[in-house]
Every structure is written in structure tokens, then in C-alpha cells.
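Here is a friendly walk through one protein model. Have a look at the fold, then follow along below.

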Amino acid sequence: MNQHRPLPVVWFFDEVHMLTKEAFNALLKTLEEPPAHAIFIFATTEIHKVPDTIISRTQRFDFRPIDEADIVGHLKFIASQEKISIDKPALELIAKLSGGGFRDAISLLDQVSATGASITASTVTDFTGLQDTAKISGIAELYCAGK
């Protein structure tokens with residue numbers, strides 16, 4: 001006899017902390033006795049808003065920000081695939097501004113590349129409205145020197 005297992009069904013709940021108390025209560029029984037083929041993934045940035053009854057019935061995986069060097073490497077790959085001319089300092093600045101998030105880094109690269117020009121760190125600072133820290137340091141040094 002050939003037995004077939006059902007294909008896994010993945011239920012992904014993004015921003016799970018936004019569910020109401022009633023919605024969490026409705027999920028509780030299913031989490032206690034889930035179907036063998038069901039996988040539930042709950043994503044949240046506010047774990048403190050998820051009831052303990054839910055947390056105690058799940059495995060928790062905390063994600064950390066991605067290393068800037070990894071982001072630079074990935075952005076460099078994207079830029080080469082998309083024929084975007086961008087220098088290394090610009091890639092490093094975008095990675096720094098992304099705060100460890102690939103999605104934010106890719107989004108910023110996409111926005112800056114819309115200018116169609118070769119991208120430098122200066123392009124990124126102009127686009128984002130950032131101030132050049134070297135210039136600010138120079139002004140502060142002149143001020144402190146009384147000039």
C-alpha cells in the first residue's frame with residue numbers, strides 16, 4: 001500500500017502582535033494540537049505583545065541585523081547584475097544607513113540608482129539629506145580653535 005503524506009501547509013503571520021486577544025485564543029487550540037502537515041510562522045518586532053500562552057507553545061528564533069560587509073557584497077552583486085555604476089564608499093554608506101536590513105539597503109540602492117548617474121557616497125548623502133561628517137567635524141574644530 002502506497003501512503004502519501006499531505007504536502008506541508010505553511011501559515012505565515014507577519015506582525016502577529018497585531019492580532020486581537022480573541023484571535024490568539026482561537027489559534028491556541030490549533031497550536032496545542034497542530035495538524036502534522038501544518039507549519040505556523042509568527043513574525044513580530046514586538047514580542048512583548050504576544051501572549052505568554054502563545055509563546056510557550058512555539059519555538060523562538062531571534063534574528064539579528066546583517067553584517068555591513070555582507071550587505072555591501074550583496075549590493076555589489078545587485079549593482080553588477082543591474083548595470084548600476086556605484087563605488088565602494090557609496091555601497092558602504094548604504095549598508096550603514098540600512099541598519100542591518102537587506103530590504104532597506106536594496107530599497108535605498110534602488111532609489112539612488114533611479115538618478116541614472118554613477119553613484120558615489122556624495123550622491124547617497126545628497127539623496128538622503130545627510131550631512132558630510134568630515135565637513136561638520138572641520139567646522140567644529142574651527143569653532144573650538146576660535147577661528
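Strands β1 (residues 9–14) and β2 (residues 38–43) run parallel and are joined by six bridges; two strands pair if DSSP finds at least two bridges between them. Helices (H or I, at least four residues) and strands (E, at least two) are DSSP runs, numbered from the N terminus.

A quick word on the ground rules. This is a predicted model, so local features need pLDDT of at least 70 and side-chain atom pairs count only at pLDDT 80 or more, while totals for chains, interfaces and linings use all residues. Residues are numbered from 1 along each chain as its sequence is written, and side-chain values use heavy atoms, with hydrogens and water left out.

Now for the inside. In soluble globular proteins, nonpolar side chains tend to be buried together. A nonpolar core is a set of buried Ala, Val, Leu, Ile, Met, Phe, Trp, Tyr and Cys residues joined through side-chain atoms within 4.5 Å. Buried means under 20% relative accessible area, exposed over 50%, and partly exposed in between (1.4 Å probe, protein chains only). The largest core has 18 residues, and those touching the most other members include Leu 75, Ile 86 and Ile 94. Helices α3 (68–81), α4 (88–97) and α5 (102–113) each give two or more residues to this core. A second, separate core has eight residues, among them Phe 13 and Val 50.

Where does helix α4 pack its buried residues? They sit against α3, α5 and α6 (121–128), with contact meaning heavy atoms within 4.5 Å. Those buried residues are Ala 90, Leu 91, Leu 93, Ile 94 and Ala 95.

At its start, a side-chain oxygen of Asp 87 comes within 2.9 Å of the backbone nitrogen of Ala 90. That is a polar contact: a pair of N or O atoms within 3.5 Å, where within protein one must be able to donate a hydrogen and the other to accept it, and residues adjacent in sequence count only if both atoms are side-chain atoms. In the loop between α4 and α5 sits Ser 98, which is buried at 6% relative accessible area. A polar atom of the Ser 98 side chain lies 2.7 Å from the backbone oxygen of Ala 95. Gly 99 follows α4 and has a positive phi, near 65°.

Finally, the charges. Side chains of opposite charge can pair when their charged atoms come close. The structure holds five salt bridges, each a side-chain nitrogen of Lys or Arg within 4 Å of a carboxyl oxygen of Asp or Glu. Here are some of them:

| Glu 32 | Arg 57 | 2.9 Å |

Glu 32 in α1 and Arg 57 in the loop between α2 (52–55) and α3 are 25 residues apart, linking distant parts of the chain. Glu 92 and Lys 88, by contrast, both lie in α4, four residues apart, about one turn of the helix.
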